[in-house]
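Here are my notes on this model, as you asked. Have the structure open while you read.

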Amino acid sequence: MSHAITPTSFEQLNLDLAALNAAKGRFASLPIADRLQLLESAAAGVSEVQEEWVAAGCKAKGLDPAAPLAGEEWLGGPCVTHRNIRLLKHALADIRDHGRTVIPADRVSTRDSGQTVVKVFPVGGFDKVMFTGFSAEIWMEPGVTPENLTETMALAYQADASKEGAVSLVLGAGNVSSIGPMDVLYKMFVENEVVILKMNPVNEYLGPFFERAFASFIEADFLRMAYGGAKVGDFLCKHETVDNIHITGSDKTHDIIVWGPPGE
């Protein structure tokens with residue numbers, strides 16, 4: 001498989017961003033039933049491409065796809081993407097059935113200072129086995145109590161949430177193959193935004209698999225893919241249609257986006 005992918009033209013990027021901009025309000029108002037259907041389609045799509053996804057990653061890294069080390073390509077790619085989709089479906093079902101995501105009472109506590117704490121990890125047997133010894137909790141901001149905690153959760157799904165929508169640029173990471181797809185899922189289903197995902201040149205050969213996996217998102221104009229190097233990234237970062245930028249990358253990339261090249 002060749003890793004050479006033609007950079008997306010500026011003309012095409014303009015068309016893609018226009019389509020996303022036109023669809024952002026529609027997505028922001030999309031009923032939960034339709035969102036769950038999108039996630040079902042995504043799960044089926046990932047299943048369809050997962051073997052090709054892993055094989056391409058192994059080939060790019062010179063790994064034997066039948067060797068134990070190829071397991072990292074599975075775990076760091078399709079497996080965690082499937083899990084992410086499943087957890088999002090569970091959270092949306094909670095919101096559909098209860099009006100909010102459900103947190104067991106034994107996961108909420110209060111520090112001596114009065115600060116509310118929520119234990120969020122591990123959740124279930126998978127986390128306990130895969131991440132033995134690790135745990136995580138969120139220390140809530142002042143004013144958040146166990147009684148009003150739910151008012152601060154799933155803000156995009158509350159009745160008074162803005163339905164104007166937004167266009168988010170996700171600059172894909174090049175080290176772990178699932179980061180780009182999961183960033184898309186987060187921006188769409190947690191922050192309620194449509195997305196243009198610019199693939200990192202390091203692993204842009206995976207882009208066609210992601211396009212197939214998330215075909216339902218693309219067909220609905222909720223997702224677009226972009227390919228290319230710094231010029232494409234610069235064009236997208238400065239585009240007036242892009243409302244925000246999500247990046248997994250170095251401090252140098254951050255500084256160029258925020259401050260411009262050295263000397264400016």
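The points below cover the aromatic pairs, the charges over rings and the sheet.

1. Ground rules. This is a predicted model, where local features need pLDDT of at least 70, side-chain atom pairs count only at pLDDT 80 or more, and totals for chains, interfaces and linings use all residues. Residues are numbered from 1 along each chain as its sequence is written, and side-chain values use heavy atoms, with hydrogens and water left out.

2. Aromatic pairs. There are seven of them in the structure; rings of Phe, Tyr and Trp (its six-membered ring) pair if their centres lie within 6.5 Å, and planes under 30 degrees apart count as stacked, over 60 as edge-to-face and the rest as tilted. Take W53 and F210: the ring centres are 5.0 Å apart and the planes are at 75°, so this one is edge-to-face. W53 belongs to helix 2 (residues 32-61) and F210 to helix 6 (residues 207-213), so the pair ties together parts that are 157 residues apart in sequence. Helices (H or I, at least four residues) and strands (E, at least two) are DSSP runs, numbered from the N terminus.

3. Burial. W53 counts as buried because its relative accessibility is 2%, and F210 is buried at 2% too. Buried means under 20% relative accessible area, exposed over 50%, partly exposed in between (1.4 Å probe, protein chains only).

4. The Phe group. F214 and F217 have ring centres 5.1 Å apart and planes at 20°, so they are stacked. Both are buried. They also belong to one aromatic cluster with F27, F189 and F222.

5. Charges over rings. R35 has its charged end over the ring of F27, 4.6 Å from the centre, and R111 does likewise over W139, at 3.8 Å. The test is NZ of Lys or CZ of Arg within 6 Å of the ring centre and within 35 degrees of the ring normal.

6. Four strands make an open, parallel sheet in the order 6-5-4-7, with strand 6 (223-226) and strand 7 (244-247) at the edges. Two strands pair if DSSP finds at least two bridges between them; strand 5 (residues 194-198) and strand 6 have four. V195 has L223 in strand 6 as its bridge partner.

7. Helices across it. Helix 5 (residues 179-189) lies across strand 4 (167-171), strand 5, strand 6 and strand 7, at about 165° to strand 5. Helix 8 (residues 230-237) lies across strand 4, strand 5, strand 6 and strand 7 as well, at about 160° to strand 5. Contact means heavy atoms within 4.5 Å; axes are lines fitted to C-alpha atoms, for helices over the stretch in contact, and angles run from 0 to 180 degrees between N-to-C directions.
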